[in-house]
Structure formats: C-alpha cells, structure tokens
Amino acid sequence: MSGVARRPTSGDATASANRRWWDSEASSYYNEHGPFLGDDRFVWGPEGWTEAELDILEARPTHTVLEVGAGGAQCSRWLAGEIGCRVVATDLSAGMLGTARRIDRSLGRALPLAQCDATRLPFPDAVFDRVFTAYGAVPFVADTARLMREMARVTVPGGRVVYSTSHPWRWAFPDDPGEAGLTVRQSYFDERPYLELDDDDRPVYVEHHRTLEHRVAEAVSAGLVIEAVRELPWKDATTSTWGGWSPSRGRLIPGTLVLVARRS
Ligand SMILES: C[S@@+](CC[C@H](N)C(=O)[O-])C[C@H]1O[C@@H](n2cnc3c(N)ncnc32)[C@H](O)[C@@H]1O
C-alpha cells in the first residue's frame, strides 16, 4: 500500500481490488482473527456477541440458509452443526473459501461452499429461509442497493435477511482504537469510499460507507421490512481489540450495526 484516499470508485474496481486483497490476506487474516472467531462459532462482530447468545437470525433445524461474504464460513459451520440447518456458504474470494475448506478438513466437516459476488448470486428466487452475513460483503460492495435486492430476491417471502457491518457512525471518527478515535474528524454524511492505493494509484482495498438513513432506504426499496436495527454494545467479557474496535471505544460509541429484516 502506498497511500489512502476517499474518492468515488466503480463497482468493478471495488470487486477486483477486494477479491485480490482477501485472496492475498486470507491466511494472515485467519492467523490474526481465527482464535477470536473460533472455527465453529457464530460471532456477529468485534464486540464478541454470538448468535448462540442473541438468536438474531432465529434459525431453526428446518431452515435452508445462505451466508454471503462467509470468509472461513465459521457462522455457517455453527448453524449446520449446532442448529441443524441446511447451509450454503459463499464468498467473493477463493482464498477465504480455501480457509473454509482447511477448517472443514481439520474438523472432518464438509460444508457446501460457492464462490460468487454477493451482488450476483447464482441462485433462483425465493429459495432460502435465512440469508445473512456477519461483516461480509456489505462494507465491501459499491452498489449496496443491488446487494440488498439480491439478498431479498433469494429469500422466501416471510424469510429473514440479516447483516452486520461497521456502524455508519464510525465513519465520522478516525479508525483508531484509542483516545484519538473518539474525536469526530470527518463528515458522517461523506459517503465517498475509503481506498488503499498501490504505487500506481490503483485501489488495492476498498470499503464503502452508507449513512443509517441510506442503509434503511436501500433495504426498504429492496422489498424488505425492517424488524430491528441493533447497535451492539461492548461485551464485558471481550478484552481484545480488532482494528479500531476496542473496549474503551466500544463502551462509548456503537461499533457494529445489525440490520434485521423480513422479506415481504
Ligand atoms: C471481514 S470478512 C467477514 C467474514 C467472516 N464473518 C469473518 O468475520 O471473518 C469479509 C468477507 O467478505 C468477503 N467479500 C468482500 N466483498 C464481497 C462481495 N462483493 N461478495 C461476497 N463476499 C465479499 C471477503 O472476501 C471476506 O471473506
């Protein structure tokens, strides 16, 4: 990386930068965050809350479930093993799915995995009872309105769509786990994406921001009925820091947004 910028970039440039980035970082990401995530746990974000504690998806053994941006598919593995759902775990990155396969082999498991961009899901309409992601795809996609339409399209009427992502409010603060991360330094309303750039000024990593108003509007326009907007508080038992997410900041400002919706 040779620099960072906030400037508009296309959906294609976003997807190709992020595919390469997650491919090349897959092993180091797993080494750094694997112990926190667990190979067979479902963690919603750096605060440490698990689906076993929150039951946000309300997944039941009869359900067919799609995970987008699954990474090492830890959440799907927990849903299949603990709840007994039929799951499909998908991700843009072959490297991250390679991690999922390695974990599966080490546990003697074999989850169904598929490589795809979450904005172009290779599934028919209305086939999944639950469609979700824990920090996958949503922050890494330029056209999040399309992502919401795709997640809604493959969900059965009455089925549930849930995602967690960085709380939009965090975009107003520096990405710093300490004191410096508690002072507003940029406009919350500035939706230009965050880019990391190579020596030729090409994006190598991209994250996209939407205000809470726009996140809600995109879900509603996709035909989703919002049932809850959760702002996860910091969990006392979580003492670890993940990038800009730390116990000291997490106790003062929300770090993770969970949007819970029903397909109409
Ligand atoms: C922070 S990880 C989240 C996965 C897992 N829940 C975890 O906590 O490790 C983000 C994942 O989103 C995936 N991703 C990024 N852009 C995507 C897209 N357009 N479609 C599907 N997955 C995408 C990345 O490849 C990566 O595996």
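Analyst: Happy to. Let's begin with helix H3 (residues 74-83), whose buried residues pack against H1, helix H2 (51-54), strand S2 (64-67), strand S3 (86-91) and strand S5 (128-134). Before going on, please note that this is a predicted model, where local features need pLDDT of at least 70, side-chain atom pairs count only at pLDDT 80 or more, and totals for chains, interfaces and linings use all residues. Residues are numbered from 1 along each chain as its sequence is written.

Helices (H or I, at least four residues) and strands (E, at least two) are DSSP runs, numbered from the N terminus. Residues are in contact if their C-beta atoms, placed from the backbone, lie within 7 Å. A residue is buried if 20 or more other C-beta atoms lie within 10 Å of its own, exposed if 12 or fewer, and partly exposed in between, again with C-beta atoms placed from the backbone.

By that rule H3 is mostly covered, with 8 of its 10 residues buried. The buried ones are Gln74, Cys75, Ser76, Arg77, Trp78, Leu79, Ala80 and Ile83. After H3 comes glycine 84, which has a positive phi, near 95°.

Two packed helices are described by the angle between their axes and the distance between the axes. For H1 and helix H4 (residues 94-107), the axes come within 6 Å and cross at roughly 35°; axes are lines fitted to C-alpha atoms, for helices over the stretch in contact, and angles run from 0 to 180 degrees between N-to-C directions. On the H1 side the contact uses Trp22, Asp23, Ser24, Ala26 and Tyr30, which meet Ala94, Gly95, Met96, Gly98 and Thr99 of H4. These residues divide into 5 nonpolar, 4 polar and 1 charged, where Ala, Val, Leu, Ile, Met, Phe, Trp, Tyr, Cys and Pro count as nonpolar, Asp, Glu, Lys and Arg as charged, and the others, Gly among them, as polar.

Notes. Two residues are in contact if their C-beta atoms, placed from the backbone, lie within 7 Å.
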